[in-house]
Amino acid sequence: MTKQWTIDLLVADLIARIEKKDLADRNGKLPSEKELMEHYQVSRYSLRQALSRLSKRGYIYQIQGRGSYVHDQLTQEQKAVQSDLGFTEDLAREGKLIQTVQATQRLVSYAEIDFSPSHQRFSDNQLFIEVERFRTLDDQPYLIEKSYYLADIVGQIPESAMYGSMFEYFAQEKGVTVSFIDKFIRCELLTAKQAAFFGMNAGSPSLVVRDDSYLREGDLMAFSKIFYDYRETTLFMHKKLQD
């Protein structure tokens, strides 16, 4: 019986073959679309969706009229920073386990928040739900996330939601879907509490990704800071220019 390849399964298999170095030729070029469609017995649409995901996640790059190529410098630890999914979903699809080991929330006013969104200000009495999460990857310290959600948009957040994918919870339970996210990358120093989680000294540097998350209508829903251990962080970015 022929295996039924969903797009998720197809992506996972292509990644596995790329990492085993048994998909591309010696020049890094993938088989043609026709060859891949015949091998997997999938439609052109499914294959192109899978290749698009690989491109966005940094495994391959595509050259118009020439085909798809593997990034030969990409290792298992290096990942693209651009993705249609959250970290939890991406990592889960790669067989990794990301878990929230500690989470807290409290209701605060704009006057009480630790940092502001990049391009928007609120009245001092605007209410936010402050969420702080400490997360591990395969049982090792991975990131610390501090977020502020507009209370009048997301409402109450149950404790169970803080231990999974927050955006998935908002989409499924609240009907609130993030449309786009602005990201800013900078370096900041860790507090004593943050440093202890990473096994570092207070005041050590951390790579910080600032997120501003917007709804389809352009309304800001949340803004966050995600702190990473600089010793374990590699940034990989792929920029495609016009041919």
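The model is predicted. Thr136 lies in strand S5, which covers residues 127-137. The relative accessibility of Thr136 is 8%. The cut-off for buried is under 20%, so Thr136 counts as buried.

Helix H1 comprises residues 7-20. At 1.5 Å a residue, its 14 residues should span 20 Å. The end C-alpha atoms of H1 are 20 Å apart, which agrees with that expectation. Buried positions in H1 are Ile7, Leu10, Val11, Leu14, Ile15, Arg17 and Ile18. These residues cover an arc of only 165 degrees around the axis, and therefore sit on the same side of H1. An α-helix has 3.6 residues a turn, so residues three or four places apart point the same way. The buried residues of H1 pack against helix H2 (33-40) and helix H3 (44-56). They also pack against strand S1 (60-63) and strand S2 (67-70). Lys21 follows H1. The phi of Lys21 is positive, near 65 degrees.

H2 and H3 also pack against each other, at an angle of about 110 degrees. Their axes are 10 Å apart. The angle falls in the range of 65 to 115 degrees, so H2 is roughly perpendicular to H3. On the H2 side, the contact involves Glu33, Leu36 and Met37. On the H3 side, Arg44, Leu47, Arg48 and Leu51 take part. By class, the contact of H2 with H3 has four nonpolar and three charged residues, and no polar ones.

Conventions
Residues are numbered from 1 along each chain as its sequence is written. This is a predicted model: local features need pLDDT of at least 70, side-chain atom pairs count only at pLDDT 80 or more; totals for chains, interfaces and linings use all residues. Side-chain values use heavy atoms; hydrogens and water are left out. Helices (H or I, at least four residues) and strands (E, at least two) are DSSP runs, numbered from the N terminus. The expected span of a helix is 1.5 Å times one less than its number of residues. Buried means under 20% relative accessible area, exposed over 50%, partly exposed in between (1.4 Å probe, protein chains only). The arc is that of the directions from the helix axis to the C-beta atoms. Contact means heavy atoms within 4.5 Å. Axes are lines fitted to C-alpha atoms, for helices over the stretch in contact, and angles run from 0 to 180 degrees between N-to-C directions. Angles under 35 degrees count as roughly parallel, over 145 as roughly antiparallel, 65 to 115 as roughly perpendicular and the rest as oblique. Ala, Val, Leu, Ile, Met, Phe, Trp, Tyr, Cys and Pro count as nonpolar, Asp, Glu, Lys and Arg as charged, and the others, Gly among them, as polar.
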